[in-house]
Amino acid sequence: MSSVSAPGLPADQSVEQDRRWTSPIVWGLRVAALLAIFDALIGFQVPSDYYDRLSRKISPLWTTYSDSAYIGQLILVGALVVLAGLFAYILARRPIWQRWSSPTQPVTVLAAYATTTIVLLYGAVLILLAFLTGYNGEGTFKYAGAIFFLLLMHSLGSFYAGFAAAQGEKDEATRRAGLAGAVCGLASGLVFAGFTLTYTFTGDIDANYGYIGAGVFAVIFLALGFVAGRQGATLWLSDGSAAPKAA
C-alpha cells in the first residue's frame, strides 16, 4: 500500500510519524482519556455506592438479609465481568446461526444482535440469582445495572482501541490490538483507582471498600481491556460484517 507524505516532510519522516500516531499504545491512551473523563465524573462512585448498600444491608437491595443473598451479590458482580467480556466477543462475530453460511450482515445489525443478546443474558443472570438466593431482583437490577454499564463502557472502549490499532497479518493485528486494549484498560484502571483512593483518603468512600476495590477494579479493567482489545482485531480482520476477509 502506498503512503502519502505529510506536507513539508520527507517520505521516511512522514511514515515514521504515521507509525507513532497509529501505535497501539497511543490508541490505548486516546481511548483511556475518554474513559477517564467518565470515571472521574461518576464511574468511580458506582461500585462504592453498591458496596455501601451491601454493607448496610438496606432496602431495596434485598427484602430480607441472608448470607446466601450476600454471596449471591458477589457472584453477580463476577458474572457481570464475564458478560462484559462476552459482549466484546459477540460484537466481533456473526450470529451463531450464520457462522457457517455465506451471507454477511451489516455492522449495525451485528451491533444490535450483540446488544440484544447481552441484555437478555444479563436479565437471565439476575432472574437466576434472584431465584437461588432470594434477594430483591428489582432493587438489584438498579444497582447492579450501574456496575454492568460501567463494565460495558470499558469493554467497548478497549474493543474500539484494539480495532483502531490493528494492522498487518492476523498475528500482528491481534498482538497490536491486545496491546492497545491492555494499555487502555491499565490507564483507565489507574485513573479509576486514583480517584477511588483519593476519596477514600478524604473519608467520602468507605475505607473497607476503597483500598481493596481500587486494586480489584484496576485489575478487572486491565484484563477486560486485553480481552476486548483482541476481539477488536477479530472485527478488523473481517470484511466489516464479521465474516473472514477473502484471501
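The following questions and answers explain how terms are applied to this predicted model.

In this predicted model, local features need pLDDT of at least 70 and side-chain atom pairs count only at pLDDT 80 or more, while totals for chains, interfaces and linings use all residues. Residues are numbered from 1 along each chain as its sequence is written, and side-chain values use heavy atoms, with hydrogens and water left out.

Q: What makes up the pattern of the protein when read along the sequence?
A: The pattern is α-α-α-α-α-α-α-α, and the protein has 8 helices and 0 strands. Helices (H or I, at least four residues) and strands (E, at least two) are DSSP runs, numbered from the N terminus.

Q: How many of the residues of the protein count as buried?
A: Of the 247 residues, 44% count as buried. Buried means under 20% relative accessible area, exposed means over 50%, and partly exposed lies in between (1.4 Å probe, protein chains only).

Q: Why does Ser48 count as buried?
A: Ser48 has 12% relative accessibility, and the limit for buried is under 20%. Ser48 therefore counts as buried. Ser48 is found in helix H3, residues 45–56.

Q: Which residues does Ser48 touch, not counting residues up to four places away in sequence?
A: Ser48 touches Ile205 and Tyr209. Contact means heavy atoms within 4.5 Å.

Q: Why does Ile127 count as exposed?
A: The relative accessibility of Ile127 is 63%, and exposed means over 50%. Ile127 therefore counts as exposed. Ile127 lies in helix H5, residues 107–133. Between Ile127 and Phe141 there are 9.7 Å in space, C-alpha to C-alpha, and the two are 14 residues apart in sequence.

Q: Why is H7 called roughly antiparallel to H8?
A: Helix H7 (residues 170–201) and helix H8 (residues 207–236) pack at an angle of about 160°, with their axes 7 Å apart. That angle makes H7 roughly antiparallel to H8. Angles under 35 degrees count as roughly parallel, over 145 as roughly antiparallel, 65 to 115 as roughly perpendicular and the rest as oblique. Axes are lines fitted to C-alpha atoms, for helices over the stretch in contact, and angles run from 0 to 180 degrees between N-to-C directions.

Q: What is the handedness of the crossing of H7 and H8, left-handed or right-handed?
A: The crossing of H7 and H8 is right-handed. A crossing is left-handed if the near helix is turned anticlockwise from the far one by less than a right angle, and right-handed if clockwise. The residues of the contact of H7 with H8 divide into 19 nonpolar, 11 polar and 1 charged. Ala, Val, Leu, Ile, Met, Phe, Trp, Tyr, Cys and Pro count as nonpolar, Asp, Glu, Lys and Arg as charged, and the others, Gly among them, as polar.

Q: Why are H3 and H8 called oblique to each other?
A: The axes of H3 and H8 cross at roughly 135° and come within 11 Å. H3 and H8 are therefore oblique to each other. Their crossing is right-handed. In this contact, Pro47, Ser48 and Tyr51 in H3 meet Asn208, Tyr209 and Phe217 in H8. The residues of the contact of H3 with H8 divide into 4 nonpolar, 2 polar and no charged.

Q: Why are H2 and H7 called roughly parallel to each other?
A: Helix H2 (residues 24–43) packs with H7 at an angle of about 30°, and their axes are 8 Å apart. H2 and H7 are therefore roughly parallel to each other. H2 passes H7 in a right-handed crossing. The contact is made by residues including Pro24, Leu29 and Asp39 of H2 and Arg176, Val183 and Phe195 of H7. The residues of this contact divide into 16 nonpolar, 3 polar and 2 charged.

Q: How is it known that Glu172 forms a salt bridge with Arg175?
A: The closest N and O atoms of Glu172 and Arg175 are 2.9 Å apart. A salt bridge is a side-chain nitrogen of Lys or Arg within 4 Å of a carboxyl oxygen of Asp or Glu. Glu172 therefore forms a salt bridge with Arg175. The structure holds 1 salt bridge. Side chains of opposite charge can pair when their charged atoms come close.

Q: Why are Glu172 and Arg175 separated by about one helical turn?
A: Glu172 and Arg175 are 3 residues apart in helix H7, which means that about one helical turn separates them.

Q: What makes Glu172 and Arg175 partly exposed?
A: Glu172 has a relative accessible area of 33%, so Glu172 is partly exposed. Arg175, with a relative accessible area of 46%, is partly exposed.
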